Amino acid sequence: MQVRADRSLAARVPRRAPRGRWCARAAATLALGLAAAGSQAAPVTGELQLAGVFNLSSAGLDFSPAGGGTGSFFVLAGTGTFASLVGTMGTVLDVAPGVAVNSNLLSFAAAPGVHFDSTALLPASFGSALCFSPAAAGQICSPPGSAVNLVNLSASASTLSIAGTGVFVSAQGEATPYVGVLTTQFANLSYQQLLATVAGGGTVTASYSVTLAPVPEPAS
């Protein structure tokens, strides 16, 4: 069984990566911004926003294109160090349930020397008391043992979010701590319907976005 959900973000994700001179210029700019040599490397700053499509099932997140262990994403926005990544494509590893550690989780076609690693999933924010109640607006749910946060926008629409920690690894191997949040909206599914579909062996396809922000420095 396959259920198609909201694809509003999917329409913004190009089918093919940028080509030609523009891509070459982007790669050259990234080389200057992301690969400064040795001790003179500029500190990593800024946030990054990605978008793509995933297939959610009991086997975890299979990022599109489906199969093969990887998928692709599009860089929607970036500031600071990541400004030159905007408009480029990258690769994301598929994620199995409960897996928190992934080296090279995110890599970038225009900046092959850098990547993001995931290091931990943050605890879920909600309890499980309302996970299987009749669907209604305003309900919240975190299935037992998961890091998933679910919210019903109405009796037939919901959102999902997962947060985790990770590091951005520069071309020189320097690691900067980051926090990432994946979010998606199911325009035609309550979270009760979503959970029932996955538990029954079905797959839900939806567009998603990921926001990555640096961990603030501790106050002195």
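Reply: The protein exposes about 10,700 Å², of which carbon and sulfur atoms supply 60%; accessible areas come from the Shrake-Rupley method with a 1.4 Å probe, and for residues only the protein chains shown count as cover. This is a predicted model, in which local features need pLDDT of at least 70 and side-chain atom pairs count only at pLDDT 80 or more, while totals for chains, interfaces and linings use all residues. Residues are numbered from 1 along each chain as its sequence is written, and side-chain values use heavy atoms, with hydrogens and water left out.

Turning inward, 41% of the 220 residues count as buried. Buried means under 20% relative accessible area, exposed means over 50%, and partly exposed lies in between (1.4 Å probe, protein chains only).

Along the sequence, the pattern reads β-α-β-β-β-β-β-β-β-β-β-β-α-β.

In soluble globular proteins, nonpolar side chains tend to be buried together. A nonpolar core is a set of buried Ala, Val, Leu, Ile, Met, Phe, Trp, Tyr and Cys residues joined through side-chain atoms within 4.5 Å. The largest such core here has 37 residues, and Leu48, Phe108 and Phe116 touch the most other members. Strand β12 (residues 203-214) gives the most to this core, with five residues.

Consider Phe116 itself. Contact means heavy atoms within 4.5 Å. Leaving aside neighbours within four places in sequence, Phe116 is in contact with several residues, including Leu48, Phe82, Phe108, Val167, Tyr178 and Leu212. Across the protein, residues 24 or more positions apart account for 61% of the contacts with a separation of 6 or more.

Loops also hold buried residues. Leu85 is found in the loop between β4 (70-78) and β5 (89-93), and its relative accessibility is 0%, so Leu85 counts as buried. Leu85 and Val75 are ten residues apart in sequence and 6.5 Å apart in space, C-alpha to C-alpha.

Finally, a disulfide (a pair of cysteine sulfur atoms within 2.5 Å) joins Cys131 to Cys141, with an S to S distance of 2.0 Å. Cys131 lies in the loop between β7 (111-121) and β8 (140-141), and Cys141 in strand β8. The link of Cys131 and Cys141 is right-handed, with 95 degrees about the S-S bond. Cys131 has a relative accessible area of 0% and is therefore buried; Cys141, likewise at 0%, is buried.

Terms used:
Helix = DSSP H or I, 4+ residues; strand = E, 2+ residues; numbered from the N terminus.
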